[in-house]
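Subject: Structure for your review

Dear colleague,

Please find below the structure that I am handing over to you. My findings follow directly after it.

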Amino acid sequence: MGAFHPLKIALSTAIIVLGFGAVYLSTLIFERQETLAKVSRYNVAWSAGQGVNEFLRLRQRVSDLATGEGSKLEAQLRFDIVKNRLELFRSGEFQPFVLEADDRRKTVESLSSFVHRAEMLIEQVEYPATAKAILSEMVPLEGELIGLAAEANNYGGQQVARDHQELLQLHWTFSALAWGLVLCTFVLIVLLERRNRLLIQAQQKLHALNATLVQTSEDLEKANSAAHAANDELITQNRLFDTALHNMSQGLCMFGEDRRLIVSNRRLATMYGLSPESLRPGSTLEDITRLTVQTGICSRDSAENIHSEQLSLIARKKRGTLLQELSDGRVLSILHQPMKNEGWVATYDDITERHHAEAQMVHMARHDALTDLPNRILLRDRMASELARCQRHMRSAAVFCLDLDHFKNVNDTLGHSMGDRLLREVAARISTLVRREDTVARLGGDEFVILQADVTQPADVDQLAQRILKVLSEPYQLDGHQVVIGVSVGVTVTSGISDDPDTLLKNADLALYRAKEDGRGTYRFFQPEMDARLQRRRTIELDLRAADFDEEFDVVFQPIVNIHTLQVTTLEALLRWPGCRHGPIETEEIIAVAEDTGLIVNLGEWVLERACRAAANLPGELNFAVNLSPTQFMRGNVVEMVSRVLTATGFPANRLELEVTETLLLEDSQRSSCALRDLRALGVRISLDDFGTGYSSLGYLRKYTVDRIKIDRSFVEEISTNHDHMAIVHAIVSLAHALGMKTTAEGIETEDQLEVIRATGCDEVQGYLFSPPKSLADVTDFLGNSRSKSAAA
């Protein structure tokens with residue numbers, strides 16, 4: 001006992017030392033954690049740097065949008081990131097740094113104010129003006145943010161250095177204490193070892209005996225538990241398998257190597273209308289096939305085909321998918337999967353909805369959504385098949401290209417929904433005109449195509465075209481509205497040699513174009529010269545687009561003569577293209593191409609300017625007439641153009657006469673009406689060209705103020721022999737005089753025509769009898785000679 005007392009004192013002392021050491025060590029650990037937390041202050045510099053970088057990225061995206069480039073979504077994303085960075089500036093370790101100096105706090109407040117203002121503009125940042133407004137507020141803020149980042153970097157560096165020194169001191173203190181605790185622990189271990197040595201020796205024998213008993217007990221328990229677990233697992237697996245098998249959405253059956261049924265689920269029986277008991281284990285595939293036929297769910301042919309295909313997969317040990325359509329319209333997908341033991345598993349999936357959806361998608365891809373007629377894709381396929389059949393059997397086919405006349409008026413007046421109804425009615429009428437073997441397709445808009453198969457004689461094509469014109473032109477009753485439209489038709493017939501769908505469609509379209517040119521409401525057959533005409537037009541268009549007006553074009557002048565004094569009163573400017581690389585070209589053809597392409601706006605201004613500049617070299621009492629196209633009124637600011645030319649050339653407006661056609665007046669648009677009124681306000685006179693060839697109407701003569709009516713040459717050509725033409729011209733002259741307008745007869749080529757025109761009371765005449773169109777130099781000589789003759793007379 002005497003030896004035990006000092007040992008007890010020593011143990012108590014060591015425990016006390018260890019306790020105090022543990023407390024002190026905990027204190028050091030806590031201080032170390034605090035110091036480590038301080039190290040995180042370098043996040044201030046990182047946060048400031050990231051904030052500046054995101055601000056610069058936002059500025060770059062806004063700059064791109066200000067120049068018309070970039071993406072609105074990217075700019076909005078960068079703006080949201082800057083907003084998030086602003087929240088970091090207001091919280092955490094960054095807040096003390098900001099509050100430490102007034103300039104830092106003001107910088108953060110400036111950034112906050114910018115974000116608040118920009119948030120109301122960022123939704124419209126795709127507009128360059130909005131982007132520039134945002135950018136103007138970002139420029140002064142950029143320098144302040146860069147300065148804030150620099151101060152944050154210095155602040156973080158100072159904090160890291162100070163914290164590093166504190167950590168170093170704490171490290172040495174911690175290390176010394178740790179070594180002291182290790183030494184105390186070693187002393188304690190030695191003392192405890194000395195105290196417990198005898199106890200350990202005694203316990204070793206008891207422990208060994210106890211371990212043997214425990215091990216034996218554990219072995220018995222494990223063996224018992226394993227047996228129970230194996231039994232429970234088997235029961236659970238069987239239950240789960242049965243639940244999964246009979247709750248599958250697919251039908252399933254498994255056959256063994258003897259080709260007899262091992263297991264099936266209730267879903268399979270339900271699919272085929274069988275009772276679960278009928279699919280008993282041991283059944284063969286033939287038994288099941290026979291049962292499906294007996295229930296009537298499968299036809300005999302369908303069941304035998306599936307059975308045959310499945311036997312083929314079994315024999316080849318191949319995986320495959322079979323489709324079976326049942327008598328009630330359902331479609332099953334059968335997945336056959338072979339097993340290693342010569343058996344197989346088959347799963348049955350009801351894919352009726354998917355199958356119908358896929359069929360519907362295929363139908364939609366090849367049919368027009370509005371009329372359910374074949375679209376261009378299906379039409380080309382049927383045309384290819386029909387053309388191949390025609391070549392094999394030496395037959396012919398015809399392609400009709402239909403375009404509704406005045407369909408745009410229906411959309412404009414009654415709305416697009418009524419226009420769609422009209423298209424469906426048209427499709428229905430066309431479908432009643434063709435045979436089962438023919439095809440009616442809609443290519444888009446109001447354009448339809450008919451493929452007439454097996455044409456035995458040309459009369460069949462004519463008869464169908466005439467029926468189309470008749471039936472489609474009959475009135476339509478749409479929700480109480482009576483709609484009357486026409487149709488233009490282009491027709492081409494296969495040659496039986498090298499036809500292809502694209503060529504036939506192009507030829508039919510060319511014939512349609514000719515039908516429209518010939519007044520609509522008719523049909524035309526394709527002729528080879530139509531294609532040549534199209535190619536010529538394309539060539540002219542390309543040359544016209546590339547032409548240098550000053551180098552290639554010229555303006556000539558044809559006199560207009562007073563019918564009583566035979567003195568020249570006006571010179572009409574006419575366009576010529578002597579520089580055309582493809583030879584002479586009619587002015588009407590140039591104008592038609594220029595109008596279709598929109599080049600008439602620039603070309604018309606060039607002609608007007610050239611004519612006004614040429615007038616400076618001619619006597620001051622002469623007037624000049626220049627033609628204006630309706631397209632110039634529709635596509636350009638014709639009033640501003642005329643005013644600009646008059647100002648640039650110094651030509652007096654009261655000597656300029658602008659000739660317009662009836663087409664412009666018939667459009668009855670507010671734009672044309674205002675333009676004509678403003679032109680007259682400039683002092684320019686307005687002349688109505690080619691009067692009598694269009695839909696001449698007293699209405700627009702009353703509505704529009706016109707200074708002169710030019711009688712078309714078609715009435716003058718036979719006026720000396722055709723009393724009807726003479727009566728028409730006389731009526732036009734009388735009407736014009738009654739309305740206070742002058743008249744000019746075009747195309748005077750003979751003295752007889754001149755005398756008859758003079759008898760009608762016409763004011764002026766123009767034609768080759770007096771002078772053809774001349775260059776500026778020639779017309780100057782012509783005017784000089786005319787004056788000399790007048791003086792001599």
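In this predicted model, helix H18 spans residues 587-597, and its buried residues are Thr587, Ile590, Val593, Ala594 and Thr597. Viewed down the axis of H18, these buried residues fall within an arc of 130°, so they line one face of the helix. Directly after H18 comes Gly598, with a positive phi of about 85°.

Phe407, Val410 and Asn411 are its buried residues. They fall within an arc of 95° when seen down the axis of H12, and therefore line one face of that helix. Lys408, Asp412 and Thr413, on the other side of H12, are exposed. The cover over the buried residues of H12 includes E6, H13 and strand E10 (481-483). Just after H12, Gly415 adopts a positive phi of about 100°.

Helix H14 has Val461, Leu464, Ala465, Ile468, Leu469, Val471 and Leu472 as its buried residues. Among the elements that cover them are strand E6 (396-405), helix H13 (416-433), strand E8 (447-455) and strand E11 (486-493); strands E9 (476-478) and E12 (523-525) also take part. The length of H14 was checked as well: its 15 residues (458-472) should span 21 Å at 1.5 Å a residue, and the end C-alpha atoms are 22 Å apart, which agrees.

Turning to the interior, buried residues make up 40% of the 793 residues in the protein. In soluble globular proteins, nonpolar side chains tend to be buried together. The largest nonpolar core here holds 76 residues, of which Val642, Leu658 and Ile757 touch the most other members. Helix H19 (residues 600-614) gives the most to this core, contributing eight residues. Another core, of 34 residues, lies apart from it and includes Val410, Leu423, Ile468 and Val471. Of these, Val410 is one of the buried residues of H12, while Ile468 and Val471 are buried residues of H14.

Which residues does Leu658 touch, not counting those up to four places away in sequence? They are Leu608, Val626, Leu628, Val642, Leu679, Val684, Arg685, Ile686 and Ser687.

A helix pair also deserves mention. Helix H3 (residues 72-89) packs with helix H5 (residues 102-119) at an angle of about 145°, and their axes are 10 Å apart. The crossing in which H3 passes H5 is left-handed. On the H3 side, the contact is made by Phe79, Val82, Lys83, Leu86 and Phe89; H5 supplies Val108, Leu111, Ser112, Val115, Ala118 and Glu119.

One further position was examined individually. Ala303 lies in helix H9 (residues 300-316). Is Ala303 buried or exposed? Its relative accessible area is 3%, which is under the 20% limit, so Ala303 counts as buried. Leaving aside neighbours within four places in sequence, Ala303 is in contact with Thr289, Thr292, Val293, Cys298 and Gln324. Between Ala303 and Arg290, the separation is 13 residues in sequence and 8.2 Å in space, C-alpha to C-alpha.

For the protein as a whole, the secondary structure comes to 28 helices and 20 strands. Among contacts with a separation of 6 or more, 64% are between residues 24 or more positions apart.

Yours sincerely

Note on methods: Residues are numbered from 1 along each chain as its sequence is written. This is a predicted model: local features need pLDDT of at least 70, side-chain atom pairs count only at pLDDT 80 or more; totals for chains, interfaces and linings use all residues. Side-chain values use heavy atoms; hydrogens and water are left out. Helices (H or I, at least four residues) and strands (E, at least two) are DSSP runs, numbered from the N terminus. The expected span of a helix is 1.5 Å times one less than its number of residues. Buried means under 20% relative accessible area, exposed over 50%, partly exposed in between (1.4 Å probe, protein chains only). Contact means heavy atoms within 4.5 Å. The arc is that of the directions from the helix axis to the C-beta atoms. A nonpolar core is a set of buried Ala, Val, Leu, Ile, Met, Phe, Trp, Tyr and Cys residues joined through side-chain atoms within 4.5 Å. Axes are lines fitted to C-alpha atoms, for helices over the stretch in contact, and angles run from 0 to 180 degrees between N-to-C directions. A crossing is left-handed if the near helix is turned anticlockwise from the far one by less than a right angle, and right-handed if clockwise.
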